[in-house]
Amino acid sequence: MSPARIEFNGYGVWAIYKFEVARALRTLVQSLVTPVITTSLYFVVFGAAIGSRMTAVSGVSYGAFIVPGLIMLALFTESLSNASFGIFFPKFIGTIYELLSAPISYVEIVIAYVGAAASKSVVLGVIILVTASLFVPISIVHPLLMAAFLVLTAVNFSLLGFTLGLWAKGWEQLQLIPTLVVTPLTFLGGAFYSIDMLPPAWRAFSLFNPVVYLISGFRWCFYGTADVNIYLSFAMTAAFFVACLAVVGWIFKTGYRLKN
Amino acid sequence: MRAPSIISIENVSKSYASGVRALEPIDLEIRKGEIFALLGPNGAGKTTLINIICGIVTASGGRVTADGHDIVRDFRAARMKIGLVPQELTTDSFETVWATVSFSRGLFGRAPNAPYLTGLLRDLSLSAKRDSRIMELSGGMKRRVMIAKALSHEPGILFLDEPTAGVDVELRRDMWNLVRGLRERGVTIILTTHYIAEAEEMADRVGVINKGSLVLVEEKAALMRKFGKKKLTLHLQTPLAHIPVELAPWRVELKDRGLALECTLDGGSNVGIPLLLRKMSELSIPIKDLETHQSSLEDIFVSLVSERAPRVRT
């Protein structure tokens, strides 16, 4: 048996990463302009039209209050779609053969695809933040933690998206989780309101929604106020990360839906 | 002198979860520098075997080494030696030729090498298409791109799964020239084809797979000698009512209402022919014409697959 060696196919990881980023650049309108326009529309509707008639939430103007939620919403959606598409498409058109026959480990494949999807999401998050600052005054109380939260969430949802792309057998399944699970959870997760504004029963119910912890934690980084304990938010983010890693690890170990 | 083995397949089998048994346990050694043709009807297990060696399908049992590296335990070293051109034309349509070939090289762990890739594209007549998107290329050009991708990391072993299926004459000729060129550079080539004439022309050795079993592995020349039959047909000027007893040693048969004598000689041998002709002359049987037919690899293949069909396990 050959001796244990620490090997890393850096060229391979870089090749996939570059390929995925190039894909985003090719579809710049779809990957960047669309989310920016969508977010701007949210600002026009919720920030200007409705927000002007609303009182401040937790001491923050409504327009500014929704910014972290909107960034998170875009981060969830884009990380999921980018990462799921990245691995689903080669499966769909058959080019996955090359990935499976290459001297690249599963860990490296995950690093490359998830890293590329997360990078794109982080860039998008920053662009939305800049766009938002054109509409409303934004303060960031904990910028470093905000950046950490941004990156971690992008990685988490990219991991989830990657899992989804591995699992999906067709386009319909690829859309299933984002449409039926993530979007409702995000809208009910306090992107546009503080869960303190809900009746007590709904508030208690909301605490079972993991997205509440992510949005609340991210908002805390901006304004120093949160719906739930900030440590709980970090713990949930970390737990989410570990759970996604475990699922991806299991999928690769069994070769599930990738290899016969 | 026999070349050392470069791929060693020991007791490799494959059953799918559905219960379908795609490969019976197979043992096979591929020699360094040879062109090995894997023949078999559709669904015989050729692609399954190739996909196991390349890492796309997981074997149910057995062991494969490529250039001494176990394909599972030491998959990095093994896979870096192997290039694969799959049967299906699957390409990233939106990428340029150069980008996709560079991607493949990187994916296989090789540092960028523009001069090598430029030379590769030139050898495959792809230089002019270097910056074209793959979607703009013809089917034949896409096939060349697939080959360029497989060769981008300078593998010592190349798998060509049905490389000439649906390919025009010119490309097929180019492809075989390329294969010959690669062999001269020491690359081992394993190909599957249903153009048996090509295997006959190109291959050093032939393996026949049928219903998941390796029915036979033989040097092509030896195979032709062993299984090739030579048929001699003598067209007579006047019909014979029966075969003269003097011709019995040649086991001739009367055909064409007595107007032809047919004699089958095993192993491509023709030692009996002059004697037969002399004997016929002594018997004053006038001959109008004669023709010989040597069985091709295709004939051998068809007879092997139909006669030696193994028992199917369920």
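Domain bounds here come from an automatic or database domain assignment. For chain B, that assignment gives domain 1 (5–225) and domain 2 (229–294). Before you click on, note that this is a predicted model, where local features need pLDDT of at least 70, side-chain atom pairs count only at pLDDT 80 or more, and totals for chains, interfaces and linings use all residues. Residues are numbered from 1 along each chain as its sequence is written, while chains are lettered from A and ligands numbered from 1 in the order in which they are written.

**Stop 1: all of chain B**

Select chain B and colour its two domains. The C-alpha centres of domain 1 and domain 2 of chain B are 46 Å apart. Along the principal axes, the C-alpha atoms of chain B fill a box of roughly 75 × 45 × 40 Å. Its radius of gyration is 25 Å, whereas a compact globule of 314 residues would have one near 20 Å (the radius is taken over C-alpha atoms, and the globule rule is 2.2 Å times the number of residues to the power 0.38).

Switch to cartoon view and you'll find 10 helices and 14 strands in chain B. Helices (H or I, at least four residues) and strands (E, at least two) are DSSP runs, numbered from the N terminus.

**Stop 2: a sheet in chain B**

Now look for four strands of chain B that form an open sheet in the order 2-1-4-5, with antiparallel pairing. Two strands pair if DSSP finds at least two bridges between them. At the edges sit strand 2 (21–31) and strand 5 (69–70) of chain B, each pairing on one side only. Zoom in on strand 1 (residues 5–15) of chain B, which pairs with strand 2 of chain B in the antiparallel sense over seven bridges. Which residue of strand 2 of chain B is the bridge partner of B:Ser5? Pick B:Arg31, and you have it.

**Stop 3: a helix tucked inside**

Next, select helix 1 (residues 46–54) of chain B. Is this helix enclosed or open? Nine of its nine residues are buried, so helix 1 of chain B is largely enclosed by the rest of the structure. A residue is buried if 20 or more other C-beta atoms lie within 10 Å of its own, exposed if 12 or fewer, and partly exposed in between, with C-beta atoms placed from the backbone. Among the buried ones are B:Lys46, B:Leu49 and B:Cys54. Step just past the helix to B:Gly55, which takes a positive phi of about 95 degrees.

**Stop 4: where the chains touch**

Show both chains together. The contact takes 24 residues from chain A and 27 residues from chain B; two residues are in contact if their C-beta atoms, placed from the backbone, lie within 7 Å. On the chain A side, helix 1 and helix 4 (96–101) of chain A are the elements that give two or more residues. Helix 1 of chain A provides the largest share, seven residues.

Stay with helix 1 (residues 10–26) of chain A: its partner is helix 3 (residues 97–107) of chain B, packed at an angle of about 145 degrees with the axes 7 Å apart. Axes are lines fitted to C-alpha atoms, for helices over the stretch in contact, and angles run from 0 to 180 degrees between N-to-C directions. Residues making this contact include A:Trp14 and A:Phe19 from chain A, and B:Phe103 and B:Leu107 from chain B.
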